[in-house]
Amino acid sequence: MKRALILVNAYSKLISAINQPIRLKEEFDKLGVEVDIKKNSIDTAMIIEGEAVSFVEDYDFVIYLDKDKYTSSLLEKAGIRLFNRHEAIRVCDDKMDTHIRLAGHGISMPDTIGGLLCYNEEASIDEAMTRIELIEEKLGYPCIIKECYGSLGAKVYCADNREELLTRMEKVKLKSHLFQKMISSSRGRDVRVIVIGGKAICGMQRISKTDFRSNIELGGVAEPIELSKPFIEISEKVAHILDLDYCGIDILYGENGEPVVCEVNSNAFFGAMESVSGVNVAAKYAEYIYETIY
Ligand SMILES: Nc1ncnc2c1ncn2[C@@H]1O[C@H](COP(=O)(O)OP(=O)(O)O)[C@@H](O)[C@H]1O
Ligand SMILES: [Mg+2]
């Protein structure tokens, strides 16, 4: 009997997060793999008597739709194959870490500066971050500020001047964050590409008329797009560098329409992509995993 487990986040109530495992299970059914869907829980894996112990038994593999890095790490230590792998999920979850990993591989991305960590709520930003002129010199205005952990556009901000930048710095000072050059040629517009098993299988363009962020959750509208060779090549290269079985990569348009990598989502929802592109993403992912395991 072929058996697999899909682990989902225990708290997420997003419709896309609920549908994702159901669609995958449907496709695995067709391949003859019995799939259980479970919420991640503290008793998925723990350290007992000095050993990583998994309580996930009798499964050939786990599709990890959560981002909890402790459980994913423990499951791998206990010998379970995760899709995606722990390290790939961990690096993608942290936007700065993603850019650092991609640096030096010839991947075009916006100039990015990591925010300094601040542990003290009382500290004033002037004290903690005296190099604002350097940020202005390197990135200019408007500039982008992002919390390193965030999705659906919610933790991505834009500052038009020093006052706005300082205000935002104050608000994010206790969280991991980064500063980034705004790719103005891509304002409110980007391309989402799904890569499975190293192959870019489909893409869509997202356009917002009301926000510099093109996320669908913030009013961006998705439309079909034929992926050009440079977009395909950069996507496949990024997925390879980060060792991702599956991902959705956000790509900005540079000044001449060339691809500039914005971020990589290890757990990208595929609902909108399936409707816009007409590609059965769940089936492609299930088939890839099937071939990898069996
Ligand atoms: N450096 C940038 N220049 C221009 N637009 C950007 C930049 N970074 C992000 N954006 C816009 O903001 C959106 C959200 O940013 P992203 O890094 O993908 O965060 P999230 O994980 O929240 O989706 C992107 O899809 C893009 O439209
Ligand atoms: Mg994004």
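The legends below describe close-up views of a predicted model.

View 1. The magnesium ion (ligand 2) is coordinated at 2.0 Å by Asp250 (OD) and Glu263 (OE). Aspartate 250 belongs to strand E14 (residues 246-253) and glutamate 263 to strand E15 (residues 259-265), so the two residues tie together parts that lie 13 residues apart in sequence. Aspartate 250 is buried, with a relative accessible area of 3%. Glutamate 263 also counts as buried, at 13% relative accessibility.

**View 2. The ring pair of phenylalanine 28 and phenylalanine 61.** Seven aromatic pairs are found in the whole structure. In the pair of phenylalanine 28 and phenylalanine 61, the ring centres are 5.7 Å apart and the planes stand at 45°, so the pair is tilted. Because phenylalanine 28 lies in helix H1 (residues 15-30) and phenylalanine 61 in strand E5 (residues 61-64), the pair joins parts that are 33 residues apart in sequence. Phenylalanine 28 is buried, with a relative accessible area of 0%, and phenylalanine 61 is buried with a value of 0%.

**View 3. The ring pair of phenylalanine 231 and tyrosine 253.** The planes of phenylalanine 231 and tyrosine 253 meet at 50° and their ring centres are 5.7 Å apart, so this pair is tilted. Phenylalanine 231 is part of helix H8 (residues 229-241) and tyrosine 253 of strand E14, so the pair ties together parts 22 residues apart in sequence. Both phenylalanine 231 and tyrosine 253 are buried.

**View 4. An aromatic cluster and two charges over rings.** One aromatic cluster is formed by Phe28, Phe61, Phe83, Tyr288, Tyr290 and Tyr294. Over the face of tyrosine 294 lies lysine 2, at 5.3 Å from the ring centre. Over the ring of phenylalanine 83 sits the charged end of arginine 81, 4.0 Å from the centre of that ring.

**View 5. The largest pocket.** The largest pocket holds about 1000 Å³ of space. It is lined by 38 residues, of which Leu14, Ala17, Leu152, Asn267 and Phe269 are the closest to its centre. H1 provides the largest share of this lining, eight residues. At least two residues each come from H1, strand E12 (199-207), E15 and helix H9 (271-277). By class, the lining has 16 nonpolar, eleven polar and eleven charged residues.

**View 6. The second largest pocket.** This pocket has a volume of about 160 Å³. Its lining includes Asn9, Tyr11, Asn40, Asp66, Asp68 and Tyr70. Helix H2 (residues 69-77) gives the largest share of the lining, three residues. The lining residues divide into six nonpolar, four polar and two charged.

Key: Residues numbered from 1 in each chain as written. Chains lettered and ligands numbered in written order. Predicted model: local features only at pLDDT ≥ 70, side-chain atom pairs only at ≥ 80, totals over all residues. Heavy atoms only, no water. Donors = N, O, S within 2.8 Å, 3.2 Å for Na, K, Ca; no water. Helix = DSSP H or I, 4+ residues; strand = E, 2+ residues; numbered from the N terminus. Buried < 20%, exposed > 50% of the residue type's maximum accessible area, 1.4 Å probe, protein only. Phe/Tyr/Trp six-rings, centres within 6.5 Å; stacked < 30°, edge-to-face > 60°. Lys NZ or Arg CZ within 6 Å of the ring centre and 35° of its normal. 1 Å grid on protein atoms, 1.4 Å probe; cavity = no way out; pocket = protein on both sides within 12 Å on 5 of 7 lines; lining within 4 Å. Points joined across faces, edges and corners; volume = space filled by probe spheres on them. Nonpolar A, V, L, I, M, F, W, Y, C, P; charged D, E, K, R; others polar.
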